[in-house]
Amino acid sequence: MENHEQGKERFSKRLSQNEVEKCMIFLPFAAVASFLEFQEGRLFRMDVVDSLGKAWSFMGMFQSNEELGNYVSISWPQFATEKGLKANDEVIFMEKPRQEGEEPWKQLKVRIKRKIRLFGQDIWGELMV
């Protein structure tokens, strides 16, 4: 992962068809455990800002499954629909630097990248919608 001036990247994921259909992202617990605080079965809220500066709140839950192990599910139906997310889009969450006077909890910035084919070459571009 690369660093960006808007914040330090924390975790990313390529979306599966199942995640797109359910408007939910599933992340391994290890990917987010050091960044977000969880209690099994409890809901948590993630405050995020997209690349256009629009604020979003996602609901998430820490879950455990014998087959899958520990994981985090994050529900974002309005975001997924408005952004037109597709399978294989890459979702990148990074910590948003706190400005003076802001609340002390961590806020995130979310970026979506999509692979496009341009002049016979695959390139990743940020989705700006």
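Across the whole structure, a search turns up 8 aromatic pairs. Please keep in mind that this is a predicted model.

**Phe 11 and Phe 93**
- Phe 11 and Phe 93 make a tilted aromatic pair, with 5.0 Å from centre to centre and 35° between the planes.
- This pair links distant parts of the chain, as Phe 11 sits in strand β1 (residues 8-14) and Phe 93 in strand β6 (residues 90-96), 82 residues apart.
- Phe 11 is buried, with a relative accessible area of 3%, and Phe 93 is buried too, at 1%.

**Phe 58 and Trp 76**
- The ring planes of Phe 58 and Trp 76 stand at 90° with centres 5.3 Å apart, so this pair counts as edge-to-face.
- Phe 58 belongs to strand β4 (residues 55-65), while Trp 76 is in the loop between β5 (69-75) and α3 (77-83), so the pair ties together parts 18 residues apart in sequence.
- Phe 58 and Trp 76 are both buried.

**The ring cluster**
- Phe 11, Trp 56, Phe 58, Trp 76, Phe 79 and Phe 93 are joined into a cluster by ring pairs.

**Asp 50**
- You can find Asp 50 in the loop between β3 (43-49) and β4.
- Asp 50 is buried, because its relative accessible area of 3% falls under the 20% cut-off.
- A polar atom of the Asp 50 side chain lies 2.9 Å from the backbone nitrogen of Leu 52.
- Leaving aside residues up to four places away in sequence, Asp 50 touches Trp 56, Phe 79, Lys 83, Lys 109 and Val 110.

Note on methods. Residues numbered from 1 in each chain as written. Predicted model: local features only at pLDDT ≥ 70, side-chain atom pairs only at ≥ 80, totals over all residues. Heavy atoms only, no water. Phe/Tyr/Trp six-rings, centres within 6.5 Å; stacked < 30°, edge-to-face > 60°. Helix = DSSP H or I, 4+ residues; strand = E, 2+ residues; numbered from the N terminus. Buried < 20%, exposed > 50% of the residue type's maximum accessible area, 1.4 Å probe, protein only. Polar contact = N/O pair within 3.5 Å; in protein donor to acceptor, adjacent residues only side chain to side chain. Contact = heavy atoms within 4.5 Å.
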